[in-house]
Amino acid sequence: MFKAIISLIEVIVFSLGLVPVKADVNYGGVKYSPPAVAQPMYLAENGQTDFTVVVPDDASPCVNTAANVFITYFAKICGCAPSLKAESEIRGFENTVLLGNTAFSESLKPADENLSGDGFLIYSDGSHLIIRGGADTGTLYGVYTFLEEYLGVRRFTPKLEKVPENKNIVIDSRVDRTVEPSFAVRRNDCAGTNDEYRAATRMNVSFWSEAEDYGGALTYVLWDVTLDRLVPDSLFEQHPEYFALGQDGKRTTDHVCLSNPDVLPIAVENARQAILDCPRKTSKHIHIGQKDNENYCRCETCEALYEKYGGICAPTILFTNAFADALDDEFPDFTFTFYAYQETDRPPADLSLRCRENVVPVLCGLHKACRSHPLTDCGAVDGDDSFENLFGEKKPQIAEDFANWVKIADRTYIYDYTINFLNTAQFFSNFGTMQQTMKYMRDTGITGYIYNCGDGHEAAFNELRNYLLCKVQWDVECDVEYWMNEFLKGYYGEAAAPYIKEIIDIQTSQISATAHAFDFDWHYQSGFYPLYTVAKLDSLWNKALNADITKDEKFNVERAQLSWEYYKANLFIGRYFFLNPLRMKANEELYDAFKSHGINRICSFGLIPEKENLSFIERPIEWR
């Protein structure tokens with residue numbers, strides 16, 4: 001209790017500004033330096049090149065895409081394009097860029113048998129450049145990495161890229177680099193994502209698009225809430241016993257009773273038909289997903305399983321194992337995933353209850369975790385406003401749960417939530433913990449980030465967040481601050497970027513010192529800012545808005561600033577002060593600014609109402 005009281009006092013002190021919060025954020029990762037050129041190797045000189053891009057004779061669509069991407073951006077940079085040849089079409093291999101598994105590249109640099117399919121090699125020796133993956137997708141990812149890190153191409157969003165212009169393309173003549181992704185499974189579909197952008201950011205999950213020209217992608221036959229399709233609610237009238245027994249002793253379609261032996265064959269047959277009917281013939285994943293509520297079954301059999309294994313997840317694990325076993329002979333290359341979500345998010349106490357080799361839990365526990373403090377230090381959980389939860393010293397239960405899930409499954413995927421769903425227009429303070437959290441996941445043994453909920457809008461620095469999420473999923477050791485600064489300069493303009501960076505530093509530090517940040521948090525204040533910090537942030541936003549930047553860059557700054565205006569309007573700060581006779585006009589202007597900058601929601605669960613249906617006496621938090 002003593003430590004909790006001290007923690008509360010610290011929050012009060014920092015909130016009132018009695019002691020300033022130091023805006024010195026360690027965003028994490030290993031310091032990055034762009035590749036140096038000790039001994040130059042000219043791929044192009046004075047706008048001319050004598051290099052040839054060489055692909056295997058039987059090059060796949062993915063390797064041909066890699067070659068076309070390489071040549072296209074090469075030409076954009078220096079104005080000339082190397083020719084493209086199949087390996088059998090050339091006699092000498094001097095001055096060649098060897099893409100994919102060509103025989104000659106193998107003779108120069110033998111393959112690493114331990115290289116994963118998405119991993120790749122970049123190698124140069126003065127007259128040859130090799131970019132070769134463990135599989136064809138690795139070659140494509142290697143090309144995009146080479147363009148980014150060695151030639152300076154930047155893909156900030158699906159709509160914005162920066163390509164430098166230089167008549168000379170020079171790399172070091174002694175590059176020997178092998179790269180492996182931190183996670184085998186990676187997804188972060190921001191607004192506007194397509195197959196090409198997904199490949200460029202080295203994400204390999206699309207759910208629904210097979211992306212054949214880009215080496216394919218992880219797709220699902222059924223995903224998300226699926227038990228309503230595997231065990232349809234229409235069965236309830238004749239077979240209520242197939243569904244959950246509620247606390248009131250009545251059956252409900254809110255959940256399925258997974259311990260009922262008659263349910264399994266129904267789900268298996270419906271899954272089998274869904275697989276056979278699926279238009280995506282490369283889809284090799286199918287999901288067991290309960291409805292989004294906690295009205296799980298309380299029948300005697302289910303309750304006995306909860307007791308026996310020490311977890312409400314037990315029937316789900318047993319059911320998915322049996323489900324996979326029933327379909328395995330006919331579909332031997334399938335993966336069967338299930339949600340560890342809501343009531344099932346904690347692993348069983350009895351760790352002898354293991355998942356089959358082809359059964360993968362999708363862990364959703366992060367939706368309850370604080371995102372402004374390290375996952376391994378902060379045990380605060382969403383939905384609990386108790387004094388002890390907010391200020392006390394707590395066990396980091398969610399982090400420990402992830403570690404235990406890894407013990408009972410060969411593969412585990414994380415379902416990561418990366419915004420505040422209930423206040424999407426609000427600054428969300430997870431920039432300072434993003435790298436730490438993902439590094440913990442990788443080190444713990446998590447194998448995939450199957451989903452990130454950063455898609456769907458472009459407010460509150462979400463474009464930056466999606467950019468960084470891709471970076472950290474690919475490499476948990478990446479220098480987050482380096483890539484953050486690259487993005488800020490490219491997206492907001494060189495002149496505005498330092499001000500935006502300082503704003504992010506201040507808000508990240510202030511929220512960490514004064515509040516927790518949760519993904520489903522109605523608390524519209526986010527953090528607490530003393531008046532002098534409010535004045536400082538206002539000044540920085542004004543400087544960014546008045547910086548010497550392009551029209552598009554100013555639009556991006558204006559849109560980002562709306563999250564700060566949203567905060568002030570909800571707390572009656574500045575021109576939104578509740579006694580200001582012009583407050584209603586200020587609110588209306590904020591509404592118009594949201595709309596004119598493409599922001600149509602301030603909450604994930606509904607659009608902002610039309611203006612005629614609002615009263616601007618209400619704060620923006622009420623525009624739902």
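Which residue forms a salt bridge with Asp443? It is Arg442, and the closest N and O atoms of the two are 2.7 Å apart. By salt bridge I mean a side-chain nitrogen of Lys or Arg within 4 Å of a carboxyl oxygen of Asp or Glu. Asp443 is partly exposed at 47% relative accessibility. Arg442 is partly exposed too, at 26%. My cut-offs: buried is under 20% relative accessible area, exposed is over 50%, and partly exposed lies in between, with a 1.4 Å probe and protein chains only.

A word on the source. This is a predicted model, where local features need pLDDT of at least 70 and side-chain atom pairs count only at pLDDT 80 or more, while totals for chains, interfaces and linings use all residues. Residues are numbered from 1 along each chain as its sequence is written, and side-chain values use heavy atoms, with hydrogens and water left out.

Back to the charges. The count is 41 salt bridges. One of them pairs Lys109 with Asp176, at 2.9 Å from N to O. This pair links distant parts of the chain, 67 residues apart. Lys109 sits in the loop between α3 (103-108) and β5 (120-124), and Asp176 in strand β10 (residues 176-179). Helices (H or I, at least four residues) and strands (E, at least two) are DSSP runs, numbered from the N terminus. Lys109 has a relative accessible area of 22%; for Asp176 the figure is 48%. Both values fall in the partly exposed range.

Next, Glu330 and Arg272. Their closest N and O atoms are 3.0 Å apart in a salt bridge. Here too, distant parts of the chain are linked, 58 residues apart. Glu330 is in the loop between α9 (314-328) and β17 (335-340), while Arg272 belongs to helix α7 (residues 263-277). Glu330 is partly exposed at 40%, and so is Arg272 at 27%.

What are the residues with the most contacts inside the largest nonpolar core? They are Phe323, Phe431, Met441, Tyr492 and Ile500, in a core of 97 residues. A nonpolar core is a set of buried Ala, Val, Leu, Ile, Met, Phe, Trp, Tyr and Cys residues joined through side-chain atoms within 4.5 Å. Helix α14 (residues 480-492) gives the most to this core, with 8 residues.

Take Phe323. Beyond its neighbours within four places in sequence, Phe323 has contacts (heavy atoms within 4.5 Å) that include Leu230, Leu264, Val268, Ile286 and Phe336.
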